[in-house]
Amino acid sequence: MLTRGTRHRIVQEDLARIASERLAWESLAGKSVLVSGANGFLASYMIETLLYLNETFGTECQVVGLARNRDKAKNRFAHHAGRDDLKFVFQDVCEPVHVEGPVHFVVHAASQASPKHYGVDPVGTLSANVLGSHQLLTLAREKQSQAYLFFSSSEVYGRPDQDGSGIRETSFGGADPARVRSCYAESKRMGETMCVCWAEQYGVPARIVRPFHTYGPGMALDDGRVYADFVADVLAGRDLTLHSDGSARRAFCYLADAVAGFFTVLLKGAVGEAYNVGNPQGEISILELAKLLAGLFPEKRLQVRTDPRSRRPGYLPSAIDQFRPNIEKIEALGWRPGVSLKEGFERTLASYS
């Protein structure tokens, strides 16, 4: 029996915003959608969106979440216990994936995306992107899936040359494969190449998204990435601590905007093509971001401090000073981010209360 779980108000509003996008949601009707990395920040919001579509539009799609950790899945989706449109397969994505019945859509989002993992588990980081891609592309081929979506990363660009137009899908720079941190970027590059090869040789309709820095409700506050640290500090009433001088610039995209972009590529993207998903209007320096977040709650009188020695063990920082996407390619599909930095972080902080 399908039952509607209780979601936070912010999440419910986000899902309504995503569902209002002018996409062919009806193409999901009665279909089976497998999402790997189901417990993850981005993947779980895609699952929430699919369930919301079932509740609101009667889409009746069947969602299969592939995850390693049963307890984590039970906690993350506790508000959906008892639904008949959500089931899980618990296994490592690097092992052969067996699912009964059709799988019309495959979303491969299983990956260790936080830099804190790169230094302590580089093998695990790259395996999901390479071995996991092999298993899920093989599944999509066997099931003759309608679409396959691979979650790549902006890290594939290495150290690109940038002009005023931002990083385009062809703006590749150098990356040293003989660095531990390259476990992430190089395996994402290989995952993309695998998508293109499976599309060319076997006709798997694979598409690729390259998310830039994405934040929002549900992100792990011990993630190790600076914006998650800042949100955790604000919620705890602690001064915000920078592990650098804060001059590096990043473009941040609110989760609901990003998820709408992911579905846009899944349903409208060209086979074998990659698309940036980010918000160039959300570009800001790390120091400016810390000051913005501290200023959201003036009554807390939070300070912004710098302490490079406080970096967590295993964390491998990027050497890139500026990272801003060019999104003209995905804009041509009809997608554009709409949530400002201030509104997005206000909504993020409110979602934890």
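A pocket here is an open set of points on a 1 Å grid over the protein atoms alone, with protein on both sides within 12 Å along at least five of seven lines, and a lining residue has an atom within 4 Å of a point. This is a predicted model, so local features need pLDDT of at least 70 and side-chain atom pairs count only at pLDDT 80 or more, while totals for chains, interfaces and linings use all residues. Residues are numbered from 1 along each chain as its sequence is written, and side-chain values use heavy atoms, with hydrogens and water left out.

**Stop one: the sheet.** Helices (H or I, at least four residues) and strands (E, at least two) are DSSP runs, numbered from the N terminus. Show the strands and follow the order β3-β2-β1-β4-β5-β6-β10: an open sheet of seven strands with parallel pairing. The edges are β3 and β10 (274-277), each pairing on one side only. From one strand to the next, the twist averages 20 degrees. Two strands pair if DSSP finds at least two bridges between them; β2 (62-67) and β3 run parallel and share five bridges. Select Ala67 and you'll find Phe90 of β3 standing opposite.

**Stop two: helices over the sheet.** Contact means heavy atoms within 4.5 Å. Angles run from 0 to 180 degrees between N-to-C directions, with axes fitted to C-alpha atoms, for helices over the stretch in contact. Pick α2: it lies across β1, β2, β3, β4, β5 (147-151) and β6 (206-211), at about 160 degrees to β1. Then try α6 (182-202), which lies across β5, β6 and β10 at about 165 degrees to β5.

**Stop three: the second largest pocket.** By class, the lining has seven nonpolar, two polar and four charged residues. Ala, Val, Leu, Ile, Met, Phe, Trp, Tyr, Cys and Pro count as nonpolar, Asp, Glu, Lys and Arg as charged, and the others, Gly among them, as polar.

**Stop four: the cavity.** A cavity is a set of points where a 1.4 Å probe fits but cannot get out; the structure holds one of 30 Å³ or more. Select Leu28, Val33, Val35, Met46, Leu50, Phe105, Val107, Phe263 and Leu266 to see its lining, made of nine nonpolar residues with no polar or charged ones. At least two lining residues come from each of β1 (32-36), α2 (41-57), β4 (105-108) and α8 (255-268).

**Last stop: a salt bridge.** A salt bridge puts a side-chain nitrogen of Lys or Arg within 4 Å of a carboxyl oxygen of Asp or Glu. Show Glu155 and Arg181, which meet at 2.4 Å, N to O. Both sit in the loop between β5 and α6, 26 residues apart. The whole structure has 21 salt bridges.

Methods. Points joined across faces, edges and corners; volume = space filled by probe spheres on them.
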